[in-house]
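Please examine the sequence and the three-dimensional structure shown below. The report that follows is meant to be read beside them.

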Amino acid sequence: AGLSLVHRLNSLSSGTVDSESYGLGVTTKYEVDLWKRLRANRQASDLDVATTQEELHAVMQSLVSQVVLTWLDVLQAQQLLDIARKQLETNRTTLELIELRFNKGLASSLDVFQQRQAVARSEALLPPLEAQDAVLKHGLAVLLGKAPRTPLELGDSLFPALGTLPAYGLPVDLLAHRPDVRAAGLRLQSADWRVSAARANRLPALGLIGGFSFNSGDVDLLFDNWMTSLSASLTGPIFDAGRRRAEVERARAVVDERLNAYRAVVLRAVLEVENALVQLDRHGVYIETLGAQYNAALQTHSEALNRYRKGLNDYLPVLTALTNAQNLERSVVGAEHDLRVLRVQLHLALGGNWMNTAALNAPEEK
């Protein structure tokens with residue numbers, strides 16, 4: 001649009017006369033989408049927006065899983081710390097009994113030294129466990145958007161009970177449930193539309209040009225007799241040194257690249273689900289055998305202690321059985337922790353659509 005102002009001053013004998021004249025013109029241009037180039041670009045842009053949303057969902061899923069995994073690590077650290085303190089108390093109590101037997105001539109000095117070594121070993125476990133517990137709580141607080149030293153109300157330190165395995169269906173279900181798979185598929189569709197747009201860009205384009213104008217002399221007829229002109233222009237590439245053709249080839253190469261990326265994402269998703277299922281199955285068996293081993297260690301310690309009290313063997317079998325039982329007790333906690341980590345990884349591998357609901361229900365920033 002253009003606006004011109006001409007100011008003219010005429011000096012007459014009777015006085016001064018001011019006159020002003022105005023001119024206004026507006027031009028618009030509209031391209032007729034003959035070859036669907038504009039439609040292809042619009043479709044590609046819409047798919048790019050949807051891809052960004054799926055990437056956001058993937059980040060949300062990753063963040064939630066990281067919070068849960070860190071929380072499980074905190075529970076494990078707390079349980080190991082509680083067990084280590086109880087074992088230290090048990091070892092100290094046993095040391096007092098051994099020293100009492102030594103004072104009565106019923107135990108040797110070797111028995112006392114061996115039990116003191118067991119007490120020192122239990123004491124050495126506490127500092128790293130206490131540090132690990134504090135570090136994990138700091139990390140969990142930061143993940144929750146709080147300062148590292150913020151007190152967290154975690155409730156009971158026991159691991160949550162596990163329910164039934166989630167329905168994992170067929171591998172094709174991952175195409176609808178995994179946000180990273182959905183994002184890869186949307187990228188592929190967007191690239192395909194870009195090919196269509198690049199191909200259409202090689203063809204002539206039809207543009208419509210419209211305009212209107214008025215002069216100040218026609219101000220009374222401004223809204224009644226404004227002039228309108230409409231013209232069509234057909235433009236097409238005459239010589240561009242092969243740039244548009246090269247753009248088509250580039251767009252096709254992008255499609256091939258994203259097709260291979262989509263295939264890799266799908267294969268990785270299936271692999272993660274299969275690995276999680278196999279590990280869960282085998283880890284369940286491992287926990288059962290580990291529990292049986294721990295029970296056997298407790299029985300061994302009880303029998304060795306009875307024989308020691310009766311003078312049938314020295315203190316070394318008792319100490320060995322006690323050490324094995326305490327080590328296995330801590331191993332059971334670690335195995336239970338790993339089982340829940342595998343369950344989280346399975347849910348992460350299966351994906352889901354809860355991210356859509358969470359995004360829709362998120363409070364808007366003011």
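The sections below describe the model, its overall fold, its largest pocket and several individual residues.

## Basis of the model

This is a predicted model, in which local features need pLDDT of at least 70 and side-chain atom pairs count only at pLDDT 80 or more, while totals for chains, interfaces and linings use all residues. Residues are numbered from 1 along each chain as its sequence is written, and side-chain values use heavy atoms, with hydrogens and water left out.

## Overall fold

The protein comprises 7 helices and 4 strands. Here helices (H or I, at least four residues) and strands (E, at least two) are DSSP runs, numbered from the N terminus. Read from the N terminus on, the order of the elements is β-β-α-α-α-α-β-β-α-α-α.

Of the 366 residues in the protein, 31% are buried. A residue is termed buried under 20% relative accessible area, exposed over 50%, and partly exposed in between (1.4 Å probe, protein chains only). A contact means heavy atoms within 4.5 Å. Among the contacts in the protein with a separation of 6 or more, 79% come from residues 24 or more positions apart.

## The largest pocket

The largest pocket has a volume of about 310 Å³. A pocket is found on a 1 Å grid over the protein atoms alone: it is an open set of points with protein on both sides within 12 Å along at least five of seven lines, whereas a cavity is a set of points where a 1.4 Å probe fits but cannot get out. Lining residues have an atom within 4 Å of a point. Grid points are joined across faces, edges and corners, and the volume is the space filled by probe spheres set on the points.

Which residues lie nearest the centre of the largest pocket? They are Val68, Arg343, Val344, His347 and Leu348, out of 15 lining residues. By type, the lining holds 9 nonpolar, 4 polar and 2 charged residues. In this division Ala, Val, Leu, Ile, Met, Phe, Trp, Tyr, Cys and Pro count as nonpolar, Asp, Glu, Lys and Arg as charged, and the others, Gly among them, as polar.

Leucine 280 belongs to helix H5 (residues 243-309). Is leucine 280 buried or exposed? It counts as buried because its relative accessibility is 10%. Leaving aside neighbours within four places in sequence, leucine 280 contacts Leu165, Leu339, Leu342, Arg343 and Leu346. Arginine 343 is 63 residues from leucine 280 in sequence, yet their C-alpha atoms are 7.3 Å apart in space.

Threonine 51 is part of helix H1 and is buried, with a relative accessible area of 5%. Not counting residues up to four places away in sequence, threonine 51 touches Ala183, Leu186 and Arg187.

## Salt bridges

The whole structure contains 11 salt bridges, each being a side-chain nitrogen of Lys or Arg within 4 Å of a carboxyl oxygen of Asp or Glu. One of them joins lysine 137 to aspartate 133, with the closest N and O atoms 3.3 Å apart. Both residues lie in helix H2 (residues 109-143), 4 residues apart, about one turn of the helix. Lysine 137 is partly exposed at 27% relative accessibility, whereas aspartate 133 is buried at 10%.

Arginine 340 and glutamate 336 form another salt bridge, with closest N and O atoms 2.8 Å apart. They are placed 4 residues apart in helix H6, about one turn of the helix. Arginine 340 is buried at 10% relative accessibility, and glutamate 336 is partly exposed at 24%. Arginine 178 pairs with aspartate 180, the closest N and O atoms being 2.8 Å apart. Arg178, Asp180, Arg268 and Glu272 are linked in a network of salt bridges.

## The aromatic pair

A pair of aromatic rings is described by the distance of the centres and the angle of the planes. Rings of Phe, Tyr and Trp (its six-membered ring) pair if their centres lie within 6.5 Å; planes under 30 degrees apart count as stacked, over 60 as edge-to-face and the rest as tilted.

The structure holds 1 aromatic pair. The ring centres of tyrosine 308 and tyrosine 315 are 5.2 Å apart and the planes are at 65°, so the pair is edge-to-face. Tyrosine 308 is buried, with a relative accessible area of 6%, and tyrosine 315 is buried at 1% relative accessibility.
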